Amino acid sequence: MALKIKRGDTVKVVKGKDKGKIGKVKKVLIEKKRLIVEEVNIVKRHMRAMGPDRPSGIVEMEAPISWSNVRLICPSCGEPTRVGFRFEDGKKVRYCKKCNEVID
Ligand SMILES: [Zn+2]
């Protein structure tokens, strides 16, 4: 399946409490249509102690956000954009709908 957003992409949040934030995609949860983005949607979790090196306490971590809440930042034009697909040399590639450049 072709994904519009991949790990390592830079995205901008366009909806929700972190609207306007920009971060790097750490993980794509394909089945849930969600992303984990660095420094976005931080939640606090209480962790149980996991041995001497991992004391219990509150840990901040990124919770997944819906991929409809973000736009990809195009590496070519630097703008938040929608992603399209087209075929080039028989290969499906992503492209920026703003500047028309292939992304990858
Ligand atoms: Zn672009």
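Me: Strands are DSSP runs of E, at least two residues, numbered from the N terminus. With that settled, where is D89 found?

Reply: This is a predicted model, and D89 is found in the loop between β9 (83-88) and β10 (91-96). D89 has a positive phi of about 50°, although it is not a glycine.

Me: OK, what's the phi of E39?

Reply: E39 is not a glycine either, and its phi is positive, about 65°. E39 sits in the loop between β3 and β4 (42-47), and counts as exposed at 54% relative accessibility.

Me: Changing topic: how many salt bridges are there?

Reply: The count comes to 8 salt bridges. In one of them, the side chains of D9 and R94 meet at 2.8 Å, N to O.

Me: Which salt bridge do R94 and D104 form, and at what N to O distance?

Reply: Their side chains meet at 3.0 Å, N to O. R94 is in strand β10 and D104 in the segment after β11 (102-103), so this pair ties together parts 10 residues apart in sequence. Salt bridges that share partners join K6, D9, R94 and D104 into one network.

Me: Are R94 and D104 buried or exposed?

Reply: R94 is buried, with 2% relative accessibility, whereas D104 is exposed, with 71%.

Me: What about D18, which residue does it form a salt bridge with?

Reply: D18 pairs with K17, and their closest N and O atoms are 3.9 Å apart. D18 is buried at 9% relative accessible area, while K17 counts as exposed at 64%.

Me: Which residues form the positive surface patch?

Reply: The patch is made of K4, K15, R82 and K97. K15 is in the loop between β1 (10-13) and β2 (22-29), and is partly exposed, with 44% relative accessible area.

Me: Last one: how many disulfides does the structure hold?

Reply: The structure holds 0 disulfides. As for the cysteines, C96 is buried at 0% relative accessible area, and C99 counts as partly exposed at 28%.

Key
Residues are numbered from 1 along each chain as its sequence is written. This is a predicted model: local features need pLDDT of at least 70, side-chain atom pairs count only at pLDDT 80 or more; totals for chains, interfaces and linings use all residues. Side-chain values use heavy atoms; hydrogens and water are left out. Patches are made of residues with over 30% relative accessible area and no salt bridge: like charges are joined within 9 Å, nonpolar side chains (Val, Leu, Ile, Met, Phe, Trp, Tyr) within 5 Å. Accessible areas come from the Shrake-Rupley method with a 1.4 Å probe; for residues, only the protein chains shown count as cover. A salt bridge is a side-chain nitrogen of Lys or Arg within 4 Å of a carboxyl oxygen of Asp or Glu. Lys and Arg count as positive and Asp and Glu as negative; His and the chain ends are not counted. The place of a charge is taken as NZ of Lys, CZ of Arg, CG of Asp or CD of Glu. Helices (H or I, at least four residues) and strands (E, at least two) are DSSP runs, numbered from the N terminus. Buried means under 20% relative accessible area, exposed over 50%, partly exposed in between (1.4 Å probe, protein chains only). A disulfide is a pair of cysteine sulfur atoms within 2.5 Å.
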